[in-house]
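Hi,

Here is the structure I said I would pass on. Have a look at it first, and then read on for what turned up.

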Amino acid sequence: MRADARRNRGRLLKEARDMFVERGPNASLEEIARRADVGIATLYRHFVDRDTLMRAVVLHALNSTIDAVEQARRDHADPFDAMAAYIHAVLEIGTSAVIPALLSAIDLDEPELKAARITSARRVVELLTDARTSGGLRADAAFADIGLALVRLSQKLPGPFSAEEQKALAHRHADLLIAGLRADAAKPALSGPAMELADLRQMVQDSEI
């Protein structure tokens with residue numbers, strides 16, 4: 001793929017992600033192309049239809065999440081610091097915003113998406129396990145505590161906040177989350193259920209019965 005074609009594809013994926021988060025699966029493809037500063041024909045050259053574009057956006061987010069875990073490990077020797085860097089990276093990638101936005105419109109069990117989901121989840125579990133084993137992450141923090149908190153942090157705030165303010169506040173609130181995740185014997189125990197990855201998977205399976 002030529003360099004200009006790669007740039008166009010990257011811009012389309014970014015703008016499509018933002019539009020799907022903002023307006024859902026039925027977001028205007030013409031508006032996505034306009035925001036990416038390309039023609040609608042260019043969009044269709046890269047993605048033959050809406051379903052193909054949505055799938056590509058989700059796959060890109062999942063693969064970027066895997067890359068974020070690996071980059072955090074390379075950049076930070078301390079596992080807790082690596083976990084903190086991963087949390088901020090995921091907010092930038094938008095994984096926890098775009099997947100919920102498209103959940104009703106895509107098949108996450110499609111083979112390539114499923115493989116990426118499994119790899120992403122495994123990498124994150126390993127990262128959290130290392131952070132806990134090192135003594136940095138509080139012992140009662142579960143996989144879902146962080147995953148679901150990221151979904152909450154990725155939601156748009158009500159009110160007249162600009163996009164820049166929304167992003168800055170998400171990262172500020174992530175810092176508060178990270179501070180609460182640090183191991184400290186003086187902290188009170190967490191309320192509510194502790195849900196690991198297996199619990200989330202079982203919940204999904206039960207909902208499909």
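This is a predicted model: local features need pLDDT of at least 70, side-chain atom pairs count only at pLDDT 80 or more; totals for chains, interfaces and linings use all residues.

Over the protein as a whole the average pLDDT is 93, and 98% of the residues reach at least 70.

Now to the layout. The protein splits into two domains: domain 1 covers residues 1-48 and domain 2 covers 50-207. If you take the C-alpha centres of the two domains, they sit 25 Å apart.

On the domain 1 side, 14 residues make contact, and they touch 16 residues of domain 2. Together the two domains bury about 1300 Å² between them, with 75% of that area on carbon and sulfur atoms. Three residues stand out here: Arg17, Phe20 and Pro25 supply 41% of the area that domain 1 buries against domain 2, more than any other three residues.

Which elements of domain 1 give two or more residues to the side touching domain 2? They are helix H1 (3-23) and helix H2 (29-35). H1 gives the most, with 6 residues. Sorted by class, that side of domain 1 has 11 nonpolar residues, 1 polar and 2 charged.

And how many salt bridges does the rule find across the interface of domain 1 and domain 2? The count there is 0. Polar contacts do turn up across the interface, though, with 4 residue pairs found, both partners in each at pLDDT 80 or more.

Salt bridges are present in the structure, however: it holds 14 of them. As a general point, side chains of opposite charge can pair when their charged atoms come close. One to look up is the salt bridge between Arg55 and Glu112, where the closest N and O atoms are 2.4 Å apart. This pair links distant parts of the chain, as Arg55 belongs to helix H4 and Glu112 to helix H7 (residues 111-133), 57 residues apart.

If you open the model yourself, I would begin with Arg17, Phe20 and Pro25 on domain 1, and then move on to Arg55 and Glu112.

Cheers

Terms used: Residues are numbered from 1 along each chain as its sequence is written. Side-chain values use heavy atoms; hydrogens and water are left out. Domain bounds come from an automatic or database domain assignment. Contact means heavy atoms within 4.5 Å. Buried area is the accessible area (1.4 Å probe) that two parts lose on being put together, summed over both. A salt bridge is a side-chain nitrogen of Lys or Arg within 4 Å of a carboxyl oxygen of Asp or Glu. A polar contact is a pair of N or O atoms within 3.5 Å; within protein, one must be able to donate a hydrogen and the other to accept it, and residues adjacent in sequence count only if both atoms are side-chain atoms. Helices (H or I, at least four residues) and strands (E, at least two) are DSSP runs, numbered from the N terminus. Ala, Val, Leu, Ile, Met, Phe, Trp, Tyr, Cys and Pro count as nonpolar, Asp, Glu, Lys and Arg as charged, and the others, Gly among them, as polar. pLDDT is the predictor's confidence in each residue, from 0 to 100.
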